[in-house]
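Me: Got a model I'd like to go through with you. Can we take it piece by piece?

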Amino acid sequence: MSKKVSALDMPDVPKGELPPHLELQRTRVVCAADAPSHTEGIQYSGTYVSYGVDNSLRLNDFRKNFAVEVTTLNEEEIEFDMIGIDASLANAFRRILIAEVPTMAIEKVLIANNTSVIQDEVLAHRLGLIPIKVDPRLFEYKSESDPANEKNTIVFKLDVTCKKDGRNVINSVVKSDKLTWLPNGSEYEKPSTDQSSKSKTFTSFNCSQDSLPEFSSDPICPTYQDIIISKLRPGQVIELEAHAVKGQGKTHAKWSPVATARYRMLPEVVLLEDVGDDLAEELVQKCPMKVFDIEDLGKKKAKVVRPRECTLCRECIRGDGWDKRVQLRRVKEHFIFTIESTGALPPEVLFTEAVKILEEKCERILAELS
């Protein structure tokens, strides 16, 4: 048994520093075999005032400690580390990315003919979920009372007939590459009881969209050309117009610009004692993510080589005595953020747009308070 020490004989804690056990509680989540501990975020400024530690949030300290480090970036996905922020702020970015960054999506479908096995409503729903490769910042929001024009509407046409040519069946699978952009707007005429008036279409374009410099060299089209819309048999027809407008994911998921936006705290794996020989071999075999490796300098010794790959499966701390040798932690103010774009905007642009939206929300609150 360890010898008990009187509180009077304990050394004084230096002012401005926390004892190791409190610093661990403040900055780490400890993941035991049964449940995590120290999960709360300590925000109160006077929590550690007796130790001479100011826990309040100061802008200068935030600027000094905050950092963003990009680890992976391609056309569809970005992974980066956000260091020095609270979980509430990381979650705010995630929610804004999913629900408030706008995109263009098909909202209205005018069906002239549909003899496929898919009902009109289901067909319209499938069309709405096809991501469109166009910058939504170039368009305006459209309300119910606004006329559809070149600034708020994109029109696509789908006209496919399945035919049999000998043993071959043509257009048996209708994919998103069959959606044709109509830069001049709708080609369908509105029904009218006034025979003397000039017929009108469902849009009121003042100019062709392909004459605009934004689209002349980059025509609007679905992001992916191989999305299956329907399957047809000989004689079946789909003829329709699809009108896309600007919207947000909180209205409908089809306007969400991300396939997923997620984050996790940075894993930290600590060996509490030297693990050598047969135990080192056992530890390496335990971990499915190959977090551990063996250092052989005359004597085998386990070491942590890839802590970032830890998925918190807890295999390494299962079994007798392993929780005394290995401790799994998460760094509270270090988040690994992953954004997968649907293709409307590059993933790095999506995050900057989310930052702008959060900034606008903060400015709105300050304006209301003042």
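Me: Where does Met-289 sit?
Reply: Met-289 is in the loop between helix H6 (277–286) and strand S16 (292–296). Helices (H or I, at least four residues) and strands (E, at least two) are DSSP runs, numbered from the N terminus. This is a predicted model: local features need pLDDT of at least 70, side-chain atom pairs count only at pLDDT 80 or more, and totals for chains, interfaces and linings use all residues. Residues are numbered from 1 along each chain as its sequence is written, and side-chain values use heavy atoms, with hydrogens and water left out.

Me: Is Met-289 buried, exposed or partly exposed?
Reply: Partly exposed, because its relative accessibility is 33%. Buried means under 20% relative accessible area, exposed over 50%, partly exposed in between (1.4 Å probe, protein chains only).

Me: What does Met-289 touch, leaving out residues up to four places away in sequence?
Reply: Glu-309 and Thr-311. Contact means heavy atoms within 4.5 Å.

Me: Which cavity lining includes Met-289?
Reply: That of the largest cavity, where Cys-287, Cys-310, Cys-313 and Cys-316 are also among the lining residues. Its volume is about 70 Å³. By class, the lining has eight nonpolar, one polar and two charged residues. Ala, Val, Leu, Ile, Met, Phe, Trp, Tyr, Cys and Pro count as nonpolar, Asp, Glu, Lys and Arg as charged, and the others, Gly among them, as polar.

Me: How are cavities and pockets defined?
Reply: Both use a 1 Å grid over the protein atoms alone. A cavity is a set of points where a 1.4 Å probe fits but cannot get out. A pocket is an open set with protein on both sides within 12 Å along at least five of seven lines. Lining residues have an atom within 4 Å of a point. Points are joined across faces, edges and corners, and a volume is the space filled by probe spheres set on them.

Me: What sheet is S14 in?
Reply: An open, antiparallel sheet of four strands, ordered S5-S14-S7-S11. S5 and S11 (180–181) are at the edges with a single partner strand each, so one side of each has no neighbour in the sheet. Strands pair if DSSP finds at least two bridges between them. S7 and S11 have two, and Lys-157 stands opposite Thr-180 in S11.

Me: Last topic, the core. Which residues have the most contacts inside the largest one?
Reply: Leu-127, Ile-154 and Ile-220, in a core of 26 residues. A nonpolar core is a set of buried Ala, Val, Leu, Ile, Met, Phe, Trp, Tyr and Cys residues joined through side-chain atoms within 4.5 Å. Beyond its neighbours within four places in sequence, Ile-154 contacts Met-104, Trp-181 and Ile-220, among others.
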